[in-house]
Amino acid sequence: GDLLVVADCSGAALFQASNANPGTSGSIEHLAGVSGQVPGNATADLGRAWLQDATVYRVQAITYYLAASQRQPGLLSLWSYATPPYGLPAATATEMVTGVERMQVTYGIDTVGDQAAHQFVTADAVTDWTTVVSARVELLLDGPDANTTTTPQPYVFAGVSVTPTDHRMRTVVSLVASLRNTAP
């Protein structure tokens with residue numbers, strides 16, 4: 001019943017396992033219409049034959065969010081919540097990075113069809129998800145000490161200049177990742 005992805009350098013296919021025999025034959029069945037499987041497979045066809053260079057991955061939805069830190073009271077942290085919780089009895093939240101004050105995800109839009117991002121917008125501003133070719137994650141990190149600097153230290157986050165009223169040290173880190181299989 002696990003949701004799986006088979007992928008190689010040429011593409012990927014998502015399916016639900018209906019039976020697996022990794023120890024005996026190394027095979028994974030993906031039959032359509034298996035009773036009790038949700039969401040199930042609409043077809044048993046994975047679109048093409050997959051060769052030995054393909055890899056099978058378990059699909060897991062991971063939600064990232066900011067919440068109060070358990071490690072450093074008074075600060076926010078970046079947390080994750082993964083479902084299904086493979087190998088665990090129940091899904092649990094995990095505190096990943098302490099001192100993450102803000103987070104923003106924007107999406108790179110290809111406006112001319114060359115598979116390059118020409119503008120970055122928030123999810124609510126994406127009008128055609130087939131034009132999204134990358135994702136950018138920005139994090140505003142702050143230090144644990146409230147009086148590290150002698151004067152407030154300005155910073156730029158999400159394109160906006162900010163001058164805080166406190167004396168914390170902050171820095172902005174960002175990552176841009178290209179998205180696989182975005183070509184039409």
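# Classifications in a predicted model

User: Which residues is Ser-178 in contact with, leaving aside its neighbours within four places in sequence?

Analyst: Ser-178 is in contact with Val-133 and Ser-134 once those sequence neighbours are set aside. The model is a predicted one, and Ser-178 belongs to its strand E14.

User: Why is Ser-178 called exposed?

Analyst: The relative accessible area of Ser-178 is 66%. The term exposed requires a value over 50%, so Ser-178 qualifies as exposed. The C-alpha atom of Ser-178 is separated by 29 Å from that of Gly-40, 138 residues apart along the chain.

User: What makes Asp-8 and Arg-48 a salt bridge?

Analyst: The closest N and O atoms of Asp-8 and Arg-48 are 2.7 Å apart. A salt bridge needs the side-chain nitrogen within 4 Å of the carboxyl oxygen, so this pair meets the criterion. Asp-8 is in strand E1 (residues 3-8), whereas Arg-48 is in the loop between E4 and strand E5 (55-58), and the pair links parts of the chain 40 residues apart. By this rule, four salt bridges are counted in the model.

User: Are Asp-8 and Arg-48 buried or partly exposed, and how do you know?

Analyst: Asp-8 has a relative accessible area of 9%, and since buried means under 20%, Asp-8 is buried. Arg-48 has 36% relative accessibility, a value between the limits of 20% and 50%, so Arg-48 is partly exposed.

User: What else places Arg-48 in relation to an aromatic ring, and how do you know that Arg-48 lies over the face?

Analyst: Arg-48 lies over the face of Trp-50, at 3.8 Å from the ring centre.

User: Which accessibility classes do Arg-170, Glu-101 and Asp-166 fall into, and why?

Analyst: Arg-170 counts as buried because its relative accessibility is 15%, under the 20% cut-off. Glu-101, at 22%, and Asp-166, at 24%, lie between 20% and 50%, so each is partly exposed.

User: Why is the pair of Tyr-107 and Trp-129 called edge-to-face?

Analyst: The structure holds one aromatic pair. The ring centres of Tyr-107 and Trp-129 are 5.1 Å apart and the ring planes meet at 75°. Pairing requires centres within 6.5 Å, and edge-to-face requires planes over 60 degrees apart, so the pair is edge-to-face. Tyr-107 sits in strand E9 (residues 100-109) and Trp-129 in the loop between strand E10 (119-121) and strand E11 (132-142), 22 residues apart. Trp-129 is partly exposed at 47% relative accessibility.

User: What makes the backbone at Gln-115 and Ala-158 worth noting?

Analyst: Most residues other than glycine have a negative phi. Gln-115 has a positive phi near 65° and lies in the loop between E9 and E10. Ala-158 has a positive phi of about 55° and lies in the loop between strand E12 (155-157) and strand E13 (160-162).

User: Which peptide bonds are cis, and what are their omega values?

Analyst: A cis peptide bond joins Val-38 and Pro-39, with omega about 10°, and another joins Thr-83 and Pro-84, with omega about -10°. Pro-39 is in the loop between E4 and E5, and Pro-84 is in the loop between strand E7 (76-83) and E8.

Methods: Residues are numbered from 1 along each chain as its sequence is written. This is a predicted model: local features need pLDDT of at least 70, side-chain atom pairs count only at pLDDT 80 or more; totals for chains, interfaces and linings use all residues. Side-chain values use heavy atoms; hydrogens and water are left out. Rings of Phe, Tyr and Trp (its six-membered ring) pair if their centres lie within 6.5 Å; planes under 30 degrees apart count as stacked, over 60 as edge-to-face and the rest as tilted. Helices (H or I, at least four residues) and strands (E, at least two) are DSSP runs, numbered from the N terminus. Buried means under 20% relative accessible area, exposed over 50%, partly exposed in between (1.4 Å probe, protein chains only). A charge sits over a ring if NZ of Lys or CZ of Arg is within 6 Å of the ring centre and within 35 degrees of the ring normal. Contact means heavy atoms within 4.5 Å.
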